[in-house]
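This report goes through the secondary-structure packing of one protein chain. Please keep the coordinates open while reading.

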Amino acid sequence: MRRDDLPRIEQLTGDMWYAEYEPKVGAALSHIDVEHCLARATFARVAELNGEIVGFILASIPAHTTQVSKLRHTVRMVGSALTLLADAAGRRGLDEFARIAHVDDRLLRDAGPFDAEVVLFVLAPAARGHGLGKRMFDAVMEYFAANGIDEYFLFTDTTCDYTFYEHRGLERRGALPLETKPGDCYGSEPPTFFVYSGTTSHGPQAK
């Protein structure tokens, strides 16, 4: 992953999770999400198909993160968050982002701690079926194993293909629904959020 890949990475993130928002709000939330994840990422790879980035994966070994990297990405995240405070749609988006973070914190508190995390994993739907997801995930497992990491965790939810992780042999360690509010973009089916754990030395490969 290179810095000039970030606009495409934010676009993929926005298409996956923020397409229902007003365009400016969705773009800002996507930027905040990516910067929030990059602040703790120590591994980053992209996947290309026909010369276009169609997916990416971020992972973290917290012991390897640096304060400089955390600060740089946090400043960018806060800058985008401030722009959303000016209107009601932006404030609703930030509130929803915070509620999701709270759910994740509760899940991890009950399931953890862990020495590593698969932070963010996105593959465009049109690019599935080429083995790219498996190759990206395997690259993270190799990175963890090379650094002495066996057990790791990740967050996912019902808006994602969470069965991918079950096919890999990961264990669901917790589940919580998102508390919704008027104006949320989930309609009558609010998502349920999960925390999974896995090991680099055990479990079947994805089919």
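The model is predicted, and its local features are taken only where pLDDT is at least 70.

**Helix pair**

Two packed helices are described by the angle between their axes and the distance between the axes. For helix H1 (residues 6–17) and helix H2 (residues 23–38), the axes come within 9 Å and cross at roughly 115°. H1 is therefore roughly perpendicular to H2. The crossing of H1 past H2 is right-handed. On the H1 side, the contact is formed by Leu6, Ile9, Glu10, Thr13 and Gly14. H2 contributes Ser30, His31, Asp33, Val34 and Leu38.

**Sheet**

Strands of a sheet pair through backbone hydrogen bonds, either parallel or antiparallel. Here six strands form an open sheet in the order S1-S2-S3-S4-S6-S5, and the pairing is mixed. Its edges are strand S1 (43–49) and strand S5 (171–177), each of which pairs on one side only. Between neighbouring strands of this sheet the average turn is 20°, direction ignored.

Helix H5 (residues 132–146) packs on the sheet. H5 touches S1, strand S2 (52–60), strand S3 (117–123) and S4, and the direction of H5 makes about 165° with that of S3.

| Strand pair | Sense | Bridges |
|---|---|---|
| S2 and S3 | antiparallel | six |
| S3 and S4 | parallel | two |
| S4 and S6 | antiparallel | seven |

Another residue, Val118, has Leu154 of S4 opposite it. Further along the sheet, S4 (residues 151–157) is joined to S6 (residues 192–199). There, Thr156 has Phe194 in S6 as its bridge partner.

How many residues of S3 are buried? Seven of the seven residues in S3 are buried, and the strand counts as mostly covered. S4 is also mostly covered, with five of its seven residues buried.

**Backbone details**

Two loops hold the remaining points. Which residues are joined by a cis peptide bond? The bond links Gly112 and Pro113, and its omega is about 5°. Pro113 belongs to the loop that runs between helix H4 (88–111) and S3.

The other point concerns Asn50, located in the loop between S1 and S2. Its phi is near 55°, a positive value in a residue other than glycine. Is Asn50 buried or exposed? The relative accessible area of Asn50 is 81%, and since exposed means over 50%, Asn50 is exposed.

Notes
Residues numbered from 1 in each chain as written. Predicted model: local features only at pLDDT ≥ 70, side-chain atom pairs only at ≥ 80, totals over all residues. Heavy atoms only, no water. Axes fitted to C-alpha atoms, helices over the stretch in contact; angles between N-to-C directions. Helix = DSSP H or I, 4+ residues; strand = E, 2+ residues; numbered from the N terminus. Parallel < 35°, antiparallel > 145°, perpendicular 65-115°, else oblique. Left-handed = near helix turned anticlockwise from the far one by under 90°. Contact = heavy atoms within 4.5 Å. Pairing = 2+ DSSP bridges. Buried < 20%, exposed > 50% of the residue type's maximum accessible area, 1.4 Å probe, protein only.
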